[in-house]
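Good morning, and thank you for coming. I would like to take you through a few selected places in one structure.

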Amino acid sequence: MKILFFTPAQRERRPVNVLLNSILSQPGYWGGQKAGLCQQFCRGLLILLLMLVSSVAVIAQDELSVTVDFDTRNTTARELLDNLGKVESVHLSYNEKKFNLNQEITLPAKNMSVKELLDILAEKLDMEYQFHGKQIILKQKSKPQGKTSYTVSGHVRDEANGETLVGATVQLKNTTTGAVTNLYGYYSLTLPQGDYTLVFTYIGYKITEKQVLVNKDITLSVELAEMTEELREVVITAYRPDDNVAVNRMSYNKLEAKKIQQVPALFGEADPLKVIKLLPGVSMTGELSSNYSVRGGGYDQNLVLLDEAVVYNPSHLMGIFSTFNNDAVKNMEFYKGNLPARYGGRLSSFLNVQMKDGNNKRISGQGGVSLLASRLTLEMPTLKNRGSLMVSGRRSYADVFFRPFTNEIKALYFYDFNLTTNLKINENNKVYFSAYRGRDVFSTAFEKDSDHISWGNFISTFRWNHSFNKKLFSNLSLSYSKYDYKLGQRVDSTGYEMNWKARLQDCTLKMDFDYFLSPQHTVTFGLSSTLHVFNPGAMSLKEKSSYEEIETLDSKALEHAAYLGTESKLLDGRLMVNPGLRLSVFQNVGAYALFNFNDTYEVTDSTNYKNGDVFNTFINLEPRLVMTYRIADNLSLKGGYARSVQYLQLASNTLSGTPLDVWVPSTPNVKPQKCDQYSIGLFQNLFGNKLETSVEVFYKDMKGQIDFKDDADVLLNKQLEGEFRFGKGSASGIEFMLSKPHGKLNGWISYTYSKSIRKIEGVNDGYEYLSAYDRPHNLAITANYQLSKRLGFSSNWVWFSGRPFTPPALGKYYYKNTQMTVYSKKNSDRIPDYMRLDLSLTLKGREREGKKLHSSWNFSVYNVLNRLNPASISLRQKEKKPEQTEAVMQSVLPIMPSVAWIFHF
């Protein structure tokens with residue numbers, strides 16, 4: 001018997017009857033007379049089967065060749081299959097639970113055959129199809145043996161504006177397995193093959209559930225809708241976030257712009273830094289100051305980042321306002337210790353501020369007009385769902401109010417400008433650019449004489465998010481930061497003119513990686529390098545025919561870091577461990593003249609280094625560890641340890657700071673500051689997570705602490721390092737927090753008891769003394785109550801111990817014909833306690849369908865009790881006993897009512 005083979009092309013060209021005749025006509029096929037009855041029966045059966053298969057193939061070919069007309073725009077796989085099933089000759093059979101039928105598919109052409117359409121669906125849905133009679137059966141594509149787990153990843157965004165949501169939770173329903181979105185709203189979750197329900201949650205947003213079939217690596221980005229006031233009361237009752245207990249962080253607070261807006265503010269301007277001072281462990285350094293002290297540390301020990309660039313002076317109008325326009329802020333994270341390994345450079349705290357990306361869905365905006373300033377923020381898409389732009393501006397006009405009363409003030413204002421833009425190149429790449437410019441201007445004039453001072457920050461950042469695969473996420477950032485100030489004076493009658501300027505610049509390149517190994521293990525690692533350029537000050541003096549220039553020593557430094565951190569969940573998620581290690585390197589770079597001092601801080605000689613020479617290097621390891629043990633569903637025990645190293649020092653002999661403060665680097669004469677912080681805390685949620693409570697105990701062991709000798713010469717001093725004195729310090733305390741984050745009545749109560757001491761060689765005769773930031777008691781109560789849909793009431797009350805100060809003694813003496821005051825022991829007395837009550841009332845406009853402009857009025861009163869709190873202490877001679885000196889308390893802000901109009905569209 002001769003057997004024939006036909007290629008698929010040949011079979012398509014030959015009708016079925018031709019194929020059968022070709023087979024049946026073969027010589028000897030029937031076996032002639034020798035063939036037995038059984039053999040002939042088998043051959044006959046074979047012919048029947050062949051005819052059946054051939055007829056099915058013909059039917060299948062006929063069905064597959066049918067042309068269908070579909071819309072080529074984005075449609076879901078479910079819609080395509082439903083429409084395909086309506087074709088008369090097509091009979092589909094499939095289990096819809098096996099496929100992601102909500103996936104959007106764009107067809108390459110309008111008119112397509114059934115086969116072409118099935119091939120597209122097979123590729124998109126990872127399936128295959130076969131025929132069973134007239135049925136077309138769709139089934140999962142068989143997977144190669146070995147791979148049983150796949151990764152679901154994507155972004156979580158706000159449905160209204162496309163902003164990424166930082167810290168959103170992605171969790172398997174009814175399990176503890178899940179992930180949290182990173183700083184760019186990205187998550188990754190590796191799961192065994194199977195069907196799952198993913199639950200997406202974020203505080204203040206509706207819970208969203210997604211059915212997902214995990215049989216391959218999947219990109220699943222989700223948009224969450226914000227709750228209405230009515231839904232908020234219902235849904236929050238069913239779901240209470242337990243981050244306070246469940247998340248492996250301590251000494252940490254997340255601040256949202258909407259919550260900041262509710263807190264009563266001076267002159268109606270919501271200020272993020274003012275809200276930070278209401279948290280446990282944080283105290284103000286002065287009433288008219290944006291600076292703050294954290295757990296007994298100096299305000300220069302706080303790292304402040306705006307879109308990953310350093311902000312060296314975050315204040316306006318001498319501290320009345322901060323540099324952060326709340327309308328332009330998306331998210332703020334605040335660490336009081338136990339920093340993640342990726343951050344470093346300061347001892348006490350870290351504040352990470354992210355600006356809004358911009359609305360990529362529609363044009364929107366918001367703003368406000370208050371007694372001292374006005375602001376406007378605009379957001380718009382550049383490419384719908386792919387790019388957006390946000391611009392924000394703010395300006396004060398205090399000088400406008402002063403002009404009717406005095407001609408001496410010529411300018412007294414500040415301004416801010418924020419800009420962010422981004423572009424989504426594809427699913428794996430997105431780029432961002434952001435910039436900030438802010439400046440204060442103050443000038444006076446009396447007849448023909450004048451004085452002026454200005455200071456400000458300029459910041460810009462370029463970022464590139466890239467996903468190498470579903471598990472590895474990276475962020476490359478290049479940032480620039482500059483702080484500068486200028487001071488001038490002119491006396492026309494004598495021809496005297498003085499100009500003084502200084503600046504500090506940073507340029508940083510940083511690469512961060514997040515590797516989502518599994519739901520139980522995440523690895524973070526990265527590198528960074530910063531060039532610091534210090535110009536502490538240059539002054540020019542001119543008087544008639546004389547001219548003089550005074551310059552301090554400019555310097556440069558390189559600061560590098562490499563870090564590795566992990567987040568691990570053990571014991572079925574009840575134990576969470578986050579160890580980390582940071583390697584920091586600091587290098588001084590010439591040109592530089594290094595003064596050498598003896599034991600009494602007198603200059604013996606100097607060493608000159610050429611431009612580009614690296615003449616000193618510090619290398620330090622900074623281990624970090626945070627652990628959480630879930631004792632019960634609503635109770636956890638947390639502990640942490642962190643070593644931090646600070647290479648930049650602030651040369652200021654004031655407590656609150658001034659715009660003229662000078663930053664100086666560590667050198668062979670000024671060793672870096674170091675701190676080992678230990679903390680342990682108990683965290684519990686009550687009444688179904690309606691109340692959050694925490695108790696934390698901390699201890700800080702600080703080395704290389706810096707103070708100034710008495711009557712130190714700080715400004716324009718080339719030998720400034722000789723004014724420093726060095727020693728050690730410690731701070732300890734206990735912090736309590738009770739918070740009700742949701743509901744008509746919400747807010748928090750915080751209380752801290754702490755102690756901060758220093759021991760500096762050459763200061764206070766070498767004995768221990770209280771730090772200038774020691775405030776034993778610190779109590780803050782913040783409450784918000786929604787009286788109705790339109791009317792809301794807010795209040796905050798603060799009370800804390802007065803800061804230490806050094807009182808004058810009764811005695812005086814003369815030295816070289818100069819009267820000198822004899823002081824008591826350093827910081828041996830304390831100014832009176834500080835207490836203040838603030839109230840505000842917000843009235844929203846009436847809402848109606850189709851209304852585009854929404855507005856509200858905010859009425860606030862700062863210092864309702866009109867308590868004259870001490871701002872500073874000054875010394876003066878007694879009127880009746882001029883040989884004696886007395887300390888006089890000075891107050892700044894009495895009761896201050898204000899009104900502001902706030903709007904958004």
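Predicted model: local features only at pLDDT ≥ 70, side-chain atom pairs only at ≥ 80, totals over all residues.

Let us begin with K330, which belongs to strand β23, spanning residues 329-335. Is K330 buried or exposed? Its relative accessible area is 16%, and because buried means under 20%, K330 counts as buried. Which side chains does the side chain of K330 meet in polar contacts? One is the side chain of T164, at 2.9 Å, and another is the side chain of D357, at 3.3 Å. If we set aside neighbours within four places in sequence, the residues in contact with K330 are E163, T164, Q354, M355, K356 and D357.

I turn now to the aromatic rings. Across the whole structure, a search gives 27 aromatic pairs. One of them joins Y186 and F473 in a stacked arrangement, with 4.7 Å from centre to centre and 25° between the planes. This pair connects distant parts of the chain, as its members are 287 residues apart. Y186 sits in strand β11, residues 186-192, while F473 sits in strand β31, residues 472-491. Both Y186 and F473 are buried. These two residues also take part in a cluster, in which ring pairs link Y184, Y186, Y432, F473 and F516.

Lastly, the charges over rings. R249 is placed over the face of Y252, 4.6 Å from the ring centre. In the case of K638, the ring is that of F683, and the distance to its centre is 4.4 Å, again over the face.

Note on methods
Residues numbered from 1 in each chain as written. Heavy atoms only, no water. Helix = DSSP H or I, 4+ residues; strand = E, 2+ residues; numbered from the N terminus. Buried < 20%, exposed > 50% of the residue type's maximum accessible area, 1.4 Å probe, protein only. Polar contact = N/O pair within 3.5 Å; in protein donor to acceptor, adjacent residues only side chain to side chain. Contact = heavy atoms within 4.5 Å. Phe/Tyr/Trp six-rings, centres within 6.5 Å; stacked < 30°, edge-to-face > 60°. Lys NZ or Arg CZ within 6 Å of the ring centre and 35° of its normal.
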